[in-house]
Amino acid sequence: MELVVKGRVVVPDGILENGWVAISGGRIAAVGTGEAPAAARIDDRGNALILPGVVDGQTHATSYKGLPGIADTTRSAIAGGVTTLVDMPYDNPEPLDRPGRLDAKIAAIAAYSHADMALYGTATRETGTANLVALIEGGVVAFKISSFESNPVRFPRIGEDLALDLMESLASTRIPLGLHNEDQEIVMARIAQAKAAGRNGIVAHAQARPEAAELAATGQFLALGLASGAHVHPVHLTTEAGFRLTGAVAGLGAAATGELCVHYLWLDAARDGDRLGARMKVNPPIRSAAIDGLWQSISDDLVAFVSSDHSSWPIDNKLTDSIFDAGAGVPGLETLFPAFFTAAEARGFDAARLSAEYLAERPARFFGIDDRKGAIAVGRDADLVALEQGAFVWDEAASHDGLNWSPFHGETFTVRVAASWLRGQLVWDGKNILNSPGSGEFVPRATAGWYATEKD
């Protein structure tokens, strides 16, 4: 064995006290307790929890700096225990809707990335369904569209006619089609009303993008999924009602799942809005009094997995007089793991097991990369994280994302990432990034994914 990592090892069916993970050739060769096999190096982490590296199912590494933005984003990922990013297709300046742009992004991963990356693709009015097969053959793990237009080129609105065409084309592939789920007409009308009335602040932002707009877009998307047989996936549901709606349509036979982002589990518009303002602005918005229902959705197995929705916008993008002019999105790669663990622990969950499941196992299976990623199991990539337990105040100035701001600034977490290993190599020692740009690999879809059957 090249390396043995010791600690309290979190495996799919529990925690191995006095456990160890033996690594050879960048893969997990054996897992056990007690006496470990001989190895060239032993890394004994004592009582630290050893978990699988996070598979963050929703990141936006290239929305500001373009493809070179992968470097800063993945540095932050490694420091946060995120060893695999699933990056969205809304690159700056053009979306990933054709094979040439996929090739360019894979090349950028090889040049810039500190972590492994899987990729979403998208479709536009220009490309329609023409490039789906080529992008799938190129290794994309999912597709995403939006019912709300943030940018006419980079982040366009896709109407229901093309959405149905895409679903019908994807139905036999089992590859998910994600949706940014807000009804454009409702939102634009409500924003105009709020501006006319002189309303401002984060609560006004949430009211102008009401739950009704989210449920309307989600419901229509789910209905098309039910009719087409495609795997449909709203990528950020903000209330229990959204998850119950998704679950109800799934109960009718649809391949329907819903995703939750960690900031919806931590922040509340009414409680935190005056303090944070635009620093907590995301779309769909963080709402008031929604957190209890979201944890209930997790308890009721209505949530597929939890992601960061990391956005690489600088703080200057937030410094506007009107909340409606401020950029939407927050950085989150270094706070995803500790925030979710801390919040789960406060709710009485087995936080270590829940974190391994919702931040690693489930997203790896969802995106069809669970041949390599998502669990501490023999044959998987040796992507590991050591979590130190205690009380740790998050300081935004210490982040590694090139942004150095966070809505979690000053929050106390009960764990910190003390070390990260990527394919058996120590890449974060608790203080420093130890690997170089280009150490990361492109991870193509390889398994049947969420709706795999025994035949697969």
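Buried here means under 20% relative accessible area, exposed means over 50%, and partly exposed lies in between (1.4 Å probe, protein chains only). With that in hand, let's look at the salt bridges.

This is a predicted model, in which local features need pLDDT of at least 70 and side-chain atom pairs count only at pLDDT 80 or more, while totals for chains, interfaces and linings use all residues. Residues are numbered from 1 along each chain as its sequence is written, and side-chain values use heavy atoms, with hydrogens and water left out.

A salt bridge is a side-chain nitrogen of Lys or Arg within 4 Å of a carboxyl oxygen of Asp or Glu. Searching the whole structure turns up 33 salt bridges, including these:

| Pair | N to O distance |
|---|---|
| Lys 373 and Asp 116 | 2.7 Å |
| Lys 373 and Asp 381 | 2.8 Å |
| Glu 240 and Arg 244 | 2.9 Å |

Helices (H or I, at least four residues) and strands (E, at least two) are DSSP runs, numbered from the N terminus. Lys 373 is buried at 1% relative accessible area, and Asp 116 is buried at 0%.

Lys 373 also pairs with Asp 381, and both of these residues are buried. Shared partners link Arg 27, Asp 116, Arg 372, Lys 373, Asp 381, Asp 383, Arg 423 and Glu 441 into one salt-bridge network.

Now for helix 8 (residues 240–251): Glu 240 and Arg 244 are 4 residues apart there, about one helical turn. Glu 240 is partly exposed at 25% relative accessible area, and Arg 244 is partly exposed at 36%.
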